Amino acid sequence: MPLARLAIENHIAFLTLASPPLNVLSLAMMREINQLLDALGRKPANSFHAIVITTEPECTAFSTGISVEDHKPSTAYQTLQEFHTIYRNLRTLSKPVVGVVRGQAFGMGCELVAYCDLVIAVATATFGQPEIRFGLYPATSSVLLPRIIGWHRTLRMVLLSEVLDAAEAQRVGLVDYVVPPEQLAVKTEELLAVLRGWSAPVLESARRALHTAYFHDIEAAMQAVEDQYLNQLMSYSDVQEGLLAFREKRKPNWKHH
């Protein structure tokens with residue numbers, strides 16, 4: 001069974017996360033997503049106006065983040081590269097990216113939300129970066145979230161593992177629209193109808209201009225954070241203890257080295 005699906009409907013590309021119930025972002029799932037984005041990049045640029053990242057109805061979460069089994073020193077590089085390739089593919093496509101969020105968006109799931117240009121969430125959605133609890137930190141959010149929600153709010157999410165409800169996520173700028181679950185489809189279609197109404201190449205150019213201006217130093221920042229994450233963080237014994245404790249469902253016994 002595919003872990004992600006892609007379909008173009010009425011000039012909108014729908015990228016659907018399809019690994020219920022939690023859409024855990026395994027290496028296999030991220031590779032499938034990148035294959036789909038590569039295929040999308042080979043389509044005529046005027047064949048779609050925007051990309052929607054959504055989930056199968058049976059999924060109870062947008063995504064609860066990375067597979068712990070895939071996140072160890074031997075696979076950390078592949079994991080980080082595959083996830084950052086999703087971001088780079090979306091930048092290359094340069095179409096507006098709309099996130100439709102139900103349930104939890106935690107860890108890399110929250111970072112995937114940060115990849116989106118416009119976000120619609122149900123009122124019960126929650127957003128968090130819990131990595132510090134098991135000996136990690138969110139590399140991508142260290143770069144993106146300060147630009148989106150501000151420096152101090154990011155510090156509280158990363159260092160204190162604070163969770164945002166949908167209303168707070170909207171207040172700080174991570175989410176654009178919050179709706180009751182029964183209004184999610186209607187609000188999504190309302191937003192997509194606006195995007196369909198514009199010229200596809202002009203919309204693409206506008207999105208590229210905005211990203212160039214606001215995220216002009218993004219590649220250098222991501223590379224610096226990747227280097228620190230892989231060459232420093234992953235050498236700590238506390239990282240292995242944190243991941244092991246998470247798998248064993250117990251409190252970590254930190255050694256502080």
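I began with the residues that α4 and α9 share: A139, T140, V143, L144 and R147 in α4 meet I218, A221, M222, V225 and Y229 in α9. I count a contact when heavy atoms lie within 4.5 Å. This set divides into 8 nonpolar, 1 polar and 1 charged. Here Ala, Val, Leu, Ile, Met, Phe, Trp, Tyr, Cys and Pro are nonpolar, Asp, Glu, Lys and Arg are charged, and the others, Gly among them, are polar.

The model is predicted: local features need pLDDT of at least 70, side-chain atom pairs count only at pLDDT 80 or more, and totals for chains, interfaces and linings use all residues. Numbering runs from 1 along each chain as its sequence is written, and side-chain values use heavy atoms, with hydrogens and water left out.

Next, the geometry. Helix α4 (residues 139-149) packs on helix α9 (residues 218-231) at about 145°, axes 8 Å apart. Helices are DSSP runs (H or I, at least four residues), numbered from the N terminus. Axes are fitted to C-alpha atoms over the stretch in contact, and angles run from 0 to 180 degrees between N-to-C directions.

I then turned to α5 (residues 151-159). With α4 the angle is about 135° and the axes are 7 Å apart. S141, L145, P146 and I149 of α4 touch W151, R153, T154 and M157 of α5.

Last, is E241 buried or exposed? E241 is buried, at 14% relative accessible area (buried is under 20%, exposed over 50%, 1.4 Å probe, protein chains only). E241 sits in helix α10 (residues 237-247). Beyond neighbours within four places in sequence, E241 contacts R250, P252 and N253.

Technical notes. Helix = DSSP H or I, 4+ residues; strand = E, 2+ residues; numbered from the N terminus.
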